Amino acid sequence: MSQPQQIERIENADALSGHRFKYYDFAMAAFVVILVCSNLIGAAKLVQLFEFNIGSWNVGMFGAGILFFPLSYVLGDVLTEVYGYARARRVVWAGFAAVLFMALMAWVVVSLPPAPGWNDQPAYEAVFGLTPRIVFASIIAFWAGELSNAFVMARMKLASGGKHLWQRTIGSTIVGQGVDSLIFYPVAFIGIWTTEQVLTVLATNYVLKVLWEAFLTPVTYRIVGALKRAEGVDVYDADTAFTPFSIKS
């Protein structure tokens with residue numbers, strides 16, 4: 001039986017510039033797929049599975065994207081914890097470009113004239129007719145939220161010396177999802193939904209996303225542990241330049 005690979009603590013992420021990782025590209029691909037699906041399928045649909053009111057807040061109403069969008073934050077935590085802030089930032093920029101391309105292609109396809117006899121154009125427009133306002137809100141909120149999440153995760157890892165992973169995953173999600181929600185819902189839906197609906201969905205989704213992240217903490221632990229053992233490194237961002245405006249890894 002082969003011996004388990006030793007995990008090397010890397011204090012300077014730049015020291016890994018020539019390192020060949022085994023699973024980084026798979027993690028990037030999974031992140032981008034989840035992000036595109038969450039923006040294409042679930043962003044604009046309101047769901048109500050039950051009705052339970054706290055004052056004027058109907059806690060049973062939420063956006064459908066809650067089903068899988070938080071998984072991008074779990075992957076963001078994993079990427080930052082295992083590969084460091086710079087590589088997580090690179091993945092965020094890849095997701096940013098993918099969503100832009102998805103939005104452009106959706107606009108082009110919806111705009112093409114339907115063939116005679118094809119009567120599904122209204123339904124197609126309803127599903128894929130993304131408005132520029134929602135696309136703009138989604139992209140900006142995602143970019144700001146994910147980079148805030150990665151920044152807090154990396155900084156907390158340095159402050160804790162790598163201990164208490166659960167505090168980092170939940171703490172970074174509280175900040176990242178807060179930034180995301182405070183940007184996306186007002187920018188996308190004020191004037192389309194009622195103000196009460198916007199605030200209700202914003203608050204409900206925020207709470208659910210944070211709870212979803214906390215629920216998935218054991219899964220995050222297992223993935224982080226497996227990846228660190230597979231890659232043989234544990235990266236700290238002691239000398240990382242935390243500018244968000246870079247794709248350097």
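This is a predicted model: local features need pLDDT of at least 70, side-chain atom pairs count only at pLDDT 80 or more; totals for chains, interfaces and linings use all residues.
Rolling a probe the size of a water molecule over the atoms shows where empty space is left. Two cavities of 30 Å³ or more were counted. The second largest cavity has a volume of about 40 Å³. Its lining consists of Phe31, Gly76, Leu79, Thr80, Ala88, Val91, Val92, Glu146, Asn149 and Ala150. By residue class, the lining of the second largest cavity holds six nonpolar, three polar and one charged residue. Glu146 is the charged one, since Glu counts as charged.

Aromatic contacts were considered next. The whole structure contains 16 aromatic pairs. One of these joins Trp143 and Phe245. Their ring centres lie 5.4 Å apart. The planes meet at 35 degrees, so the pair is classed as tilted. A stacked pair would need planes under 30 degrees apart. Trp143 belongs to helix H5, whereas Phe245 falls in the segment after strand E6 (233-235). The pair therefore ties together parts that are 102 residues apart in sequence. Phe245, at 63% relative accessibility, counts as exposed.

A second pair is formed by Trp212 and Phe215. Here the ring centres are 5.7 Å apart and the planes are at 10 degrees, so the pair is stacked. Both residues lie in helix H7 (residues 195-215). Trp212 and Phe215 are three residues apart, about one turn of the helix. Trp212 is partly exposed, with 27% relative accessibility. Phe215 is exposed, with a relative accessible area of 61%.

Ring pairs also build a cluster. Its members are Trp93, Phe96, Trp143 and Phe245. The tilted pair of Trp143 and Phe245 thus takes part in this cluster.

Charged side chains were also placed relative to rings. Tyr236 has Arg9 over its face, at 3.8 Å from the ring centre. Lys157 likewise lies over the face of Tyr236, at 4.6 Å from the ring centre.

Notes. Residues are numbered from 1 along each chain as its sequence is written. Side-chain values use heavy atoms; hydrogens and water are left out. On a 1 Å grid over the protein atoms alone, a cavity is a set of points where a 1.4 Å probe fits but cannot get out, and a pocket is an open set with protein on both sides within 12 Å along at least five of seven lines; lining residues have an atom within 4 Å of a point. Grid points are joined across faces, edges and corners, and a volume is the space filled by probe spheres set on the points. Rings of Phe, Tyr and Trp (its six-membered ring) pair if their centres lie within 6.5 Å; planes under 30 degrees apart count as stacked, over 60 as edge-to-face and the rest as tilted. Helices (H or I, at least four residues) and strands (E, at least two) are DSSP runs, numbered from the N terminus. Buried means under 20% relative accessible area, exposed over 50%, partly exposed in between (1.4 Å probe, protein chains only). A charge sits over a ring if NZ of Lys or CZ of Arg is within 6 Å of the ring centre and within 35 degrees of the ring normal.
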